[in-house]
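Please open the model in your viewer and keep the selection tool at hand. The tour below moves from one selection to the next and says what is to be found at each stop.

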Amino acid sequence: MKSHDGYPCFRIVDLVSTLHSFEKEFRRAISLHDINQLYNSCQMEGVTVNSEKFREPMVWIGVYVAVASFFCILAMVADLLHGFQNKKFWFPCKYFSLNAASITVITVTMKLTVDVSGEMPSYVDQAAKLGSLGFMCTMMANLMPSLASMDNKTLLANVIGLSILVITMIVNVCIQLNTRVIDRYPYDGTNISYMDFAIVAYIYTAIIILLLIIMISSSLTIPASKEILESKYQATHKIHLANQRHIRMSIVEKLRHNVTRYWVMAETGSPQFVMAINPLSTASAIICALSLLVTLNLVRASPLTSSWHRRLIRYESPYEWTTSAIFITQSIGVVVGTVAPILRCFSVFNYKLVITKWNRNHFMFFKVEKYWTQKLHEWKQSPVLFLLSSPRLRNLICNAKNTVLSFCIGFQKGIVASCKLIWLIAITIPLLVITFFYHLKSLKARWFTPPNSPRTDDIDIDVRNYVLQIDIEMELAEKTLKGISKSINFFILKAEKEQNNNLLELLEKSTGFKGVEIFDSDRVQPLLCVEHVNSWSLPIVTLTCIAVALRDIHKDVVQNLFKSVGEGLSYTHLVEESLNCASEHVSLRKASVALWHEVENNCRWLDIPLAKKEFKGKTTIEIIKWLSDKAKEIATEINESTNGELVENPCKTLIAANSMYRITQTILLRSQSSKEPITKKQLFAHLNGMIADIFSACFTNIPRVITMRCHESVIEKREESVKVAAKLLGKTTKIIERLDAHELPSMDADKMAYVDEWRLYLTQSIP
């Protein structure tokens, strides 16, 4: 009778009930109590069968938790390797940072911890449940620097999200301790451990609460820290601009000078750098190390560490064998994830302090600077925005707010002072050791170094003026400052090895800026009722299409042109993106990007093959005439189908067709004035020269783009922006040097950013 759905059992109950109602003899043999007992038995059988069905997907959920944990570990390892690779031993958070996605993945990894109803009686089950708490401690310590990489609204949202998750975990752990889901001494048949899991749960819970408090305390400090750093950055930026007027050097040297100094400001003023080396981060690392010790003790006592005991493990939880996978994965995560927080403790010696110049203020841990509580003071002084008619009620709310915030200010000071004490204790012994070797090295240098020998480790004194620090009493170490300067030079030198040789060969064909003037002509009759502005990249792409359409040109020569234009357009688009920000220029840039993608990958212009068989045997003028007529046909068709509605806001096809028409018509007009017909090779060389001239004119704006990239207004993006400027400088060094050797037109810098302004200037300059 046993069935997986339980219904045959209930049909028997219905049959017995019917017989009981109509058969007297049956009623004498079976009572109503017996029928009720049978009904209850059927219900219990149904519950048992259903519970087995419900257990089936739990194994897959366990696999899901293990995979999510693995991805968290992968992100933490990526940040660790990124720090070592870039010699940033404060290990900024690039891959594993606090955001909506990471909070979601972390929530998945905590599935065992928040499961209040699932029975997990064995040691491995209990260890996996509590090991998740240790993994959470490690992840929270790793996430600390990422708090500084967000704006205030994002920071508030993410900290609230993480706080809700942590509080939910703590409540669930307390419920499980009360209901004994977390057992004190789990037994799984191995008889190898007498660990009290309740005490372990209490330890982990206390560590997580401390880390959450430190994270909230840090998030309250970050806005004020950023304001101080931004204020110092703007002041240093103004001084730098004033000093630039008195510096006489080549453009490349001047750009190197700028990039190095802005890099020092970006690195030392990086919110993640300041966050990673403050006492709160050090305290979180020490607390994280405690969770590592607890986790290692869990692993040591686990039957998984013994091949003999592994055979005796019984998986009695719904997650079955996946609890072992989760426990092993998350234990590895705790070990690996603790490395970065611990190393951040030592980064203070390499990147922040000159240990021989400490004064007594460094040991006054109970002194809390203003910026630690500045945000709380601002909230306290801000008015209450409740529109209440009762003055008494308003006063009551204001007093309550002030009382709560006064308590928070005192609590914040206590947290900061406690973390400073932990920080001081943690660094005292290493500090004494380093101080000893420092003095030993100084004595050795004094005794064995000739007095007149020059020092080779001095850095540019001017660079130190660009260091941004919140605490003015702590001077950045010379070794650190030299390392920062070397790192940006490394980026520049590495980029210099990636010079675009094909582009440089094309630029050699430029004899000036004549091509900027002659690629278009005012004598061409407008195709549209409203003429559009020109961009740098669109005429280059159009001229390249015409060059490719010419037959009888050697394939290698055409391929070199393709490579040269592709290399040059990457810089042209960067110039347009930085300096041509109007909506009409944005439309032109998007059209040129789409058009070049089609030309480069498919050798087509608006879905028309550029290597058409019909072009074979035709003269140069016939090919140009065909392209001009086709462009006119496409533009006219679009214009008529839309009744001219797209003229002011043209589509990409209309922009490309209009550009092709004007340039081909300009070539036809110039060919009419020529006594002899132009050959394909002559036109190809002429097109190459015009492309090179337009590139040269555009590239005169690269130094300005590099300078703009150095001065990024958003503090969180400043470091990456300066790195982009350094790489751009390295790649374009030879281009800038080449243009610096030429005489440039005496145009206003703002006007040099636009090709139409160049054409106007060159036209007016003709005698």
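Helices (H or I, at least four residues) and strands (E, at least two) are DSSP runs, numbered from the N terminus. The model is a predicted one, in which local features need pLDDT of at least 70 and side-chain atom pairs count only at pLDDT 80 or more, while totals for chains, interfaces and linings use all residues. Residues are numbered from 1 along each chain as its sequence is written, and side-chain values use heavy atoms, with hydrogens and water left out.

Begin with P745, whose place is in the loop between α30 (733-740) and α31 (755-764). P745 counts as buried because its relative accessibility is 14%, where buried means under 20% relative accessible area, exposed over 50%, and partly exposed in between, with a 1.4 Å probe and protein chains only. If residues up to four places away in sequence are not counted, P745 touches F513, W758 and Y761, contact meaning heavy atoms within 4.5 Å. Show the C-alpha atoms of P745 and Y761, which are 8.5 Å apart in space and 16 residues apart in sequence.

Now show the whole protein, which has 31 helices and 2 strands, and in which 50% of the 767 residues count as buried. Of the contacts between residues at least 6 apart in sequence, 83% join residues at least 24 apart.

Next, turn to the largest nonpolar core, which has 183 residues; such a core is a set of buried Ala, Val, Leu, Ile, Met, Phe, Trp, Tyr and Cys residues joined through side-chain atoms within 4.5 Å. Helix α9 (residues 197-244) gives the largest share of this core, 15 residues. Select L147, which is among the residues with the most contacts inside the core, and, leaving aside neighbours within four places in sequence, find L98, L155, V159, M215, S218, I222 and M275 in contact with L147.

The next stop is a pair of helices. Select helix α23 (residues 555-579) and helix α24 (residues 583-602), which pack with their axes 11 Å apart at an angle of about 165 degrees; the axes are lines fitted to C-alpha atoms, for helices over the stretch in contact, and angles run from 0 to 180 degrees between N-to-C directions. That angle makes α23 roughly antiparallel to α24, a term for angles over 145 degrees. The contact is made by F562, V565, G566, L569, H573, E576 and E577 of α23, together with R589, S592, V593, W596, V599 and E600 of α24.

Finally, compare two loop residues, starting with R180 in the loop between α8 (152-179) and α9. Although R180 is not a glycine, R180 has a positive phi of about 65 degrees, and R180 is exposed, with a relative accessible area of 52%. Then select C603, in the loop between α24 and β1 (604-605), where phi is near 55 degrees, a positive value in a residue other than glycine. At 28% relative accessibility, C603 counts as partly exposed.

Key:
Parallel < 35°, antiparallel > 145°, perpendicular 65-115°, else oblique.
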